[in-house]
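Please keep the sequence and the 3D view at hand while reading.

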Amino acid sequence: MSAIVEFLVRLAVWLLLAPLLPGLINKVKAWVAGRRGPPVLQLYYDLARLWRKGVVLSTLASPGFVVGPAVAWVAVLGAALLLPLGPLGISLSFRGDVILLVYLLALARFCTTWAALETGSAFEGMGAAREVSYAVLTEAAVITAVLALSLRSGSVELGTMLASSAGTGSVLLAAGLFTVLLAENCRVPFDDPNTHLELTMIHEVMVLDHSGPPLAVVLHGAAMKLLLFAVLLVEAVLPFGEWSGLGGAVALIGGVALVGVGVGLVESWLARYAFKRVPLLLTTAFLLCLFALLVAWKGGWS
Amino acid sequence: MTLGGWIALALALLLGGGLAGLRLPRVWLGCTLGGTVALLVAAFTTLGVGVDWVWQSPWSLGGERVHLRLDGISAWFLTLVAVVGGTGAVYARGYWPDQAQPESAGRGRAWWSVLVLCMALVLLCSNGLHFLMAWEAFALAGFFLITLDRARRETRAAGWLYLGASHAGTLGLFAFFSMLAARTGSWELGPMRSATELAPLFWVALFGFGVKAGLFPLHIWLPSAHTNAPSHVSAILSGVAIKMGLYGLVRFSGWLPLPKGAGWVVLGLGVASALMGAAFALAQNDLKRLLAYCSVENMGVILIGLGAGLLGLADGGASWGRMAMAAALLHAWNHGLFKSLLFLGAGSVLHATGTREMSRLGGLWRAMPWTAGLFAFGAVAICALPPLNGFVSEWLLYLGLFESAAGHAPVAIVAAIIALGVTGALALAAFVKAGAVVFLGAGRTRATRDAHECGWWMRGSMLALAGLCALIGVMPLAPWFFITRSLASWEPGWSGIESPPPLATLGLLHLAVALAFVLAALALWRRAQAKGIRRELTWDCGYSAPSARMQYTGGSFAAIASGWFRWVLRPERQMRRPRGLFPAQSSRVERVPETVLERVLGPAGGVVMAASAWVRQRQRGHLPDYILYLVAGLVAVGALVLAGSWR
């Protein structure tokens, strides 16, 4: 019985709290720019509004155009449910769950890009091409980060990998994972979620033709993915295995909020990079993770 | 019926199929299907019960007694031969019928049965001499199947290239088996791990079998052969025939002692094949060529597993070695299934539109919804995405490699893990490109206008393969049971160790996730319908007259990532820019050559040819010339003798 309650709590955290993070980021950006900005709960209003709206489909789109976002959303949710959640711990731990997480995110990418190409628009094509190409580099960085964590903890289970304490290498790992977070969630400096120029976007241009409930699912999925990467980053760096109960919860919430503020500050201070420089930045993220791996390997974690 | 009875029945039926194929298509289909089912029964009996079957003939063939043996390893590969052999035969009934191909349909049927028969014999033969005979017959059957449509020049060229490369590999195998026979004194094959002086022979075998397996620098024949063959033939060549090379490697790494560093070399070859295969696949514009390069990639993934398995054998890492080896075997199955599915899907596109050129296609989902759905299914499977079978084997491989890295983390293992991740992302890009450019959006040329869905013969065989992919995805424990049997005959020392990976959990999760996918998709579709769906033009940022030519093409989709591999892809571009006020003609042609063949082997062959031509010119029939050559030769020999006596 308690397992079911715990699962429901976990589900509720991911489903209900995820849209908060983009709101926080927008608030930080507004604050730095000296504006009042949209309310923190703006995304909730948007989602509710979209869910009630009708759908406009491209004449070219097949049913896959609606199936794609649904499958991608479930895949991201499934990946999120695999993560330990601070004091709640992990619901289902097994050897190799971290690889399932990485590949569920890849499945989400497959479905998003597939649905984007349904419309036959060059804009969506551009976005999808960028998404799958940059993913090659982020995938390398993520796998390297996972390998670093796995070497440090001697385990391939998320519960154990994310429980152990921080050390010198975690600074490198945090920097690498933060860059990956920015790239995977299409934030500045990789992509500008606020731009009005479709030519220069990645994620937003892929979902240009979505509307109504499917768009709500896409937006909610994107928010969950952002929260997922934030939680992963915080838990990879902080020793959650040593904290329990309230302390762990506060640390997790504080850490995720800090990541959100960080994203907001980066967006306020940096401009979007030219696409030519994006691979360079992603390679840097990969190298950061690789150095973290070297530190973990040579026993530098203390 | 006994195991021997089933095998005899299978071989007899396949032989009958080979004879009946020319004239009697129904009898042929019955014989081939019956034969493959009998093969399946025999293979699963061996895998399930764990009893080997050995048979020796009282008579001799070529001075040696025929020695057949069915054990865990051969049974594992035999299942693949049977499944793809059977489904491909059903597909061929709709794809290459007498009505459409009156000249070659009969030949195609006959050679198909012969190919399946010969592959089964390769797997069964346990005598070096007969192994070589079966191997050669199998290669020849492949040649005749590739060149079924021999009116086309490209097909003939691809066939000759296949034949040449295949014989280069066979030459290596001749050397391998004859040296083996010379050192052991017998052509009989069997476990001989203790004879350490045989270890260097592994390198010869690696070359010989590596050519067939399509490993990276030896893969030159693979893309053109698999592209130009009829699609059901491409399916069995890509899905099964290259696995015969893998079978050789697995078989002889299990029987022979291994030289030092064998694991590293195999692992390195695997990494190179995986990365290069994926990069080349991404850059292709021909649908079947893309699939062919992807086979190189998947063989690389399998070889990474085999290499890690060999390392585990050498270093005493039984737990992770076993996992990596199991991943290699399972991926061989999986790749056989989904690659056949994809080639059959590509075949039905080719059948419906008459072109493999992706930039001429598009929007086919409307005319061919079954093919589009099944191709997308195969694409998800081959990208190793959950919840399908490709993920199960890659997951096992990651587990084995991670565990090995946690043990002592050699640089190569770490590099292999990262390369595997990059390969996965590249493969995903390649298959989103292939599926989307062919099936989604609007039709780009007239070729797509008359497209039609394939018939039930073709659809049924694709559905069967897709069903098997899904089955392994949600029930990964079932193949694991057979893998343990198979591994027990590869390395008997490992059979006692039992630390099964959590495949049951993974299977349950896959099932749950798959159900959630279906439910979520249905719910979202219902919600959209409830709120009303309106069909409009694609938005295209306000442009109101988008045309099919404005869509992103495969080349532009892959441009970013394949640009990173320009150093090896070396694309050739021919551009005629539009000029003047009313530009009449402009064009841009881009081609990705097969780099190893055209940039390395081609020039090297050119040098050899030039040298030969020079030598031939010196032979003009002038007596004084020959006297001069004789004198020069004598002087050279004299100089050599003098140089020798001084020392």
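## The interface between the chains

In chain B, 64 residues are in contact with 62 residues of chain A; a contact requires that the C-beta atoms of two residues, placed from the backbone, lie within 7 Å. The elements that give two or more residues to the side of chain B touching chain A are helices H14 (389–408), H15 (411–439), H18 (503–530) and H19 (554–563) and strand E3 (533–536) of chain B. H15(B) gives the most, with 13 residues. Helices (H or I, at least four residues) and strands (E, at least two) are DSSP runs, numbered from the N terminus.

By class, this side of chain B has 47 nonpolar, 10 polar and 7 charged residues. Ala, Val, Leu, Ile, Met, Phe, Trp, Tyr, Cys and Pro count as nonpolar, Asp, Glu, Lys and Arg as charged, and the others, Gly among them, as polar.

## Basis of the model

This is a predicted model, in which local features need pLDDT of at least 70 and side-chain atom pairs count only at pLDDT 80 or more, while totals for chains, interfaces and linings use all residues. Residues are numbered from 1 along each chain as its sequence is written, and chains are lettered from A and ligands numbered from 1 in the order in which they are written.

## Strand pairing across the chains

Strand E1 (residues 55–58) of chain A pairs with E3(B) in the parallel sense over 4 bridges; pairing requires that DSSP find at least two bridges between two strands. Opposite Val56(A) stands Arg534(B) in E3(B).

## Chain B as a whole

Chain B contains 22 helices and 5 strands. Its radius of gyration is 27 Å, close to the 26 Å that the globule rule gives for 647 residues, so chain B is as compact as a globular protein of that length. The radius is taken over C-alpha atoms, and the rule is 2.2 Å times the number of residues to the power 0.38. The C-alpha trace of chain B spans about 95 × 70 × 60 Å along its principal axes.

Of the 647 residues in chain B, 55% are buried. A residue is buried if 20 or more other C-beta atoms, placed from the backbone, lie within 10 Å of its own, exposed if 12 or fewer, and partly exposed in between.

## A residue of helix H20

Leu569(B) lies in helix H20 (residues 566–569) of chain B. Leu569(B) counts as partly exposed because it has 19 C-beta neighbours inside 10 Å. Beyond its neighbours within four places in sequence, its contacts include Ala279(B), Phe280(B) and Val592(B).
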